[in-house]
Amino acid sequence: MVQHDSSIPESGWVQALRQRLKDNHHRAVLVLSGDRGFCYTSARKLLAQANCEPVLWVSSQLRDALAPNKARTQLGQEYDGIVFDVFDQFDVDAFAAISGTLRGGGLLCLLMPEPEVWSSFSDSRFVQRAWPLLSKHPTVFYLHQGEACRCQLPELVKSTSVSQIDPPFRTAEQQQVVDAITRMVVDQSPAAAVLISDRGRGKTSALGLAAGHLLKAGLKNIIVTAPRLSVTAPMFEQAQRVLPEATIARGELSVLTGHLQFMAPDALLEIQPPAELLLVDEAAAIPLTLLNALLQVYPNVIFATTVHGYEGTGRGFVLKFNQVLDRDSPGWQLFNMQTPVRWADDDPVEQWVDRLLCLDAELPEVPEEAIEPGLCQICAVDRDALVNDEARLSSLFALLVYAHYRTRPSDLKYMLDDHQVRIYTLEYQQQILAAVLLNEEGGFDAELSSAIYRGERRPNGHMLAQTLSLHAGCETAATLKYARVMRIAVHPALQGQGLGTHLLQAVVEQERQRGLDAIGTSFGATAELLRFWQAADFAVVRLGFSRDHASGTHSAVMLKAFTPAGQNMFVDVRNRFRHALNIWLQEPLATLAEDIKEMLVAEAQSDIVTLTAADWQDIESFAYTHRGYEACMWSLHKLLEQHHSMLAKLDVREQQIIDAKIRRGLSWSETVGLIAATGKAEAIVSLRQAVARWLEVCVRL
């Protein structure tokens, strides 16, 4: 391999660039293009010349590098240099997260193949859009193997946001917010507040500093909740800076007079431990119903969320949750952190990343008056045209971001590139007011469908086909073709006017004409959403047996059949669901929200004791394949009803586990203890073996 040093700038240029960046608290991007060896060697050389330390390497190939799927583990860390390898994949979620760890004065080296290789990705609309921003953007320095470097030092305006502040604070704004939160909690009771910021503003650290000061002031119990414990790591670190005598264990900080403790949202609502203050971080990733419930239990609460970023978006949350606070906690306060803690507020790299990943997408202005749905146009989006229309793309993505709290940068790439995706919009005077994203699924051959049913295969991107087969119990379900509604979004200023319903009805008819067998959707079940989909003639065919730990909801799958084959499958899974519902509501769905229970109980059918062919199939599939117990438990209960006497032919341990789990309905943890298993996995295996033995001695009717 021949390397061309002429493509790498002289060390004096890199050192001068680094000094200029440090003086202005700015960052820069160096795109290194060529073969792998050239890029790896050049990145090391450039960062060494620039005296960058520490440096983080992110690559799926290099042995000592951080794998892209581990990017979130670095949130809260800071680096002078980052090397991001995109030779094999461009993990945009990882890129969004990692770019936020580069501090002012730092260099981000993006390693990529030759331009000819990238341009050959003609089927990637995301790459087509990204290429000009990667290669020709004024804030990015492009260094290509074999070409002479013509890089000029940037003309950076001296930042006015760089100022000295006493530690542990990073910005004057952060100190002001911490002081305001501390005063609010100490002086007022009850007190509610919302803290919003863009990513990289020190929001979580501010909560930790405030918690430390409040514990110092005499508070005894502060609870923090968030979608994941890892999100709150900076909070505990900063609290300990205020309280150096404190001890930290996993998810808990303790001093002699009090403690700061993490609890997952669902566990918090279930246990409801006493607390003088509740801190909710990344609140936009927790459904409003759960936040509202927390507000009823803990009147002293601070809801914090990121407005733009890789944790999802807080923009839709702010619009919706403000109304809840106005109603239930009048006098609540809003804090907005705008000053970055790691770089200047006019940093060109932040602007470049936001544009590349559409993190700066904003909703269009819409008429204030009500809009008649019939006056709007329904459009099937041409994605080839969309990628060349930045304003339209930004408006569409902003709509999705506001509507769904878990929208991530990778959703932009998926929306543009995945061949199974279709997009419909509802437009008025050429403005997008609502949108539906669909994913086409299923259509597998009988062999693969059967393997999915047995839990042996789980093809990505086919959620409906998989769940209707593996969980709902229809072995041939994956042979059918489906459209799954992944997102339906309506401009927040226009909700409640029937626009979403009008668009969904049109989409259903469009998809029916494609010859698909059915259309369906899956979402975290709330009574409001169930009513919306029921009004559109969709019916529940499955509920997830476990609650999402962040949202506290059970997932619902709803379906509407088109073809005779789709109708037969729908009737099969719908009947299974309705017959098993009563027993599910006693065990795995016992914690389902009461308003949802009331909606579903009316649909439940009386148990049929006679074992059908479908029941025997469920029982055998549990005993001999990887299908879950909960999915088959109704049939297993019927087996117990009809063939209880046959249990005497089993050994003591087999009788014990069948009695514990099937007859008595003990939890898995209770069953594990009763049979002295090493854990749930062993208990499930033992139950499968016991049922298999039971089948051997039963007379099949």
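Which residue forms a salt bridge with Glu427? The close-ups below of this predicted model start with that pair.

**View 1. Glu427 pairs with Arg392 in a salt bridge.** The partner is Arg392, and the closest N and O atoms of the two side chains lie 2.6 Å apart. Look for Glu427 in strand β15 (residues 421–428) and Arg392 in helix α14 (residues 390–403); the two are 35 residues apart and link distant parts of the chain. Glu427 has a relative accessible area of 6%, under the 20% limit, and is therefore buried. Arg392, at 23%, is partly exposed.

**View 2. Arg422 and Glu511 meet in a salt bridge.** Here the N to O distance is 2.5 Å.

**View 3. Asp411 of helix α15 reaches Arg487 of strand β17.** This salt bridge has its closest N and O atoms 3.6 Å apart. The partners are 76 residues apart, with β17 spanning residues 481–490. Asp411 and Arg487 are both buried.

**View 4. Helix α5 packs against helix α15.** From α5, the contact takes in Arg125, Phe126 and Arg129; from α15 come Leu412, Lys413, Leu416 and Asp417. By class, that makes three nonpolar and four charged residues, with no polar ones.

**View 5. Six residues are linked in a salt-bridge network.** The members are Arg18, Glu78, Asp80, Arg103, Arg170 and Arg342. For context, the model has a count of 38 salt bridges.

**View 6. Leu687 sits in the largest nonpolar core.** This core has 76 residues, and Leu687 is among those with the most contacts inside it, along with Leu433, Leu543, Ile658, Ile662 and Trp694. Helix α23 (residues 629–643) supplies the largest share, eight residues. Leaving aside residues up to four places away in sequence, Leu687 touches Phe622, Tyr629, Ile657, Ile658, Lys661, Ile662 and Trp668.

**View 7. A second core stands separate.** It has 55 residues, including Ala71, Val92, Leu363 and Phe397.

Terms used: Residues are numbered from 1 along each chain as its sequence is written. This is a predicted model: local features need pLDDT of at least 70, side-chain atom pairs count only at pLDDT 80 or more; totals for chains, interfaces and linings use all residues. Side-chain values use heavy atoms; hydrogens and water are left out. Axes are lines fitted to C-alpha atoms, for helices over the stretch in contact, and angles run from 0 to 180 degrees between N-to-C directions. Helices (H or I, at least four residues) and strands (E, at least two) are DSSP runs, numbered from the N terminus. Contact means heavy atoms within 4.5 Å. Ala, Val, Leu, Ile, Met, Phe, Trp, Tyr, Cys and Pro count as nonpolar, Asp, Glu, Lys and Arg as charged, and the others, Gly among them, as polar. A nonpolar core is a set of buried Ala, Val, Leu, Ile, Met, Phe, Trp, Tyr and Cys residues joined through side-chain atoms within 4.5 Å. Buried means under 20% relative accessible area, exposed over 50%, partly exposed in between (1.4 Å probe, protein chains only). A salt bridge is a side-chain nitrogen of Lys or Arg within 4 Å of a carboxyl oxygen of Asp or Glu.
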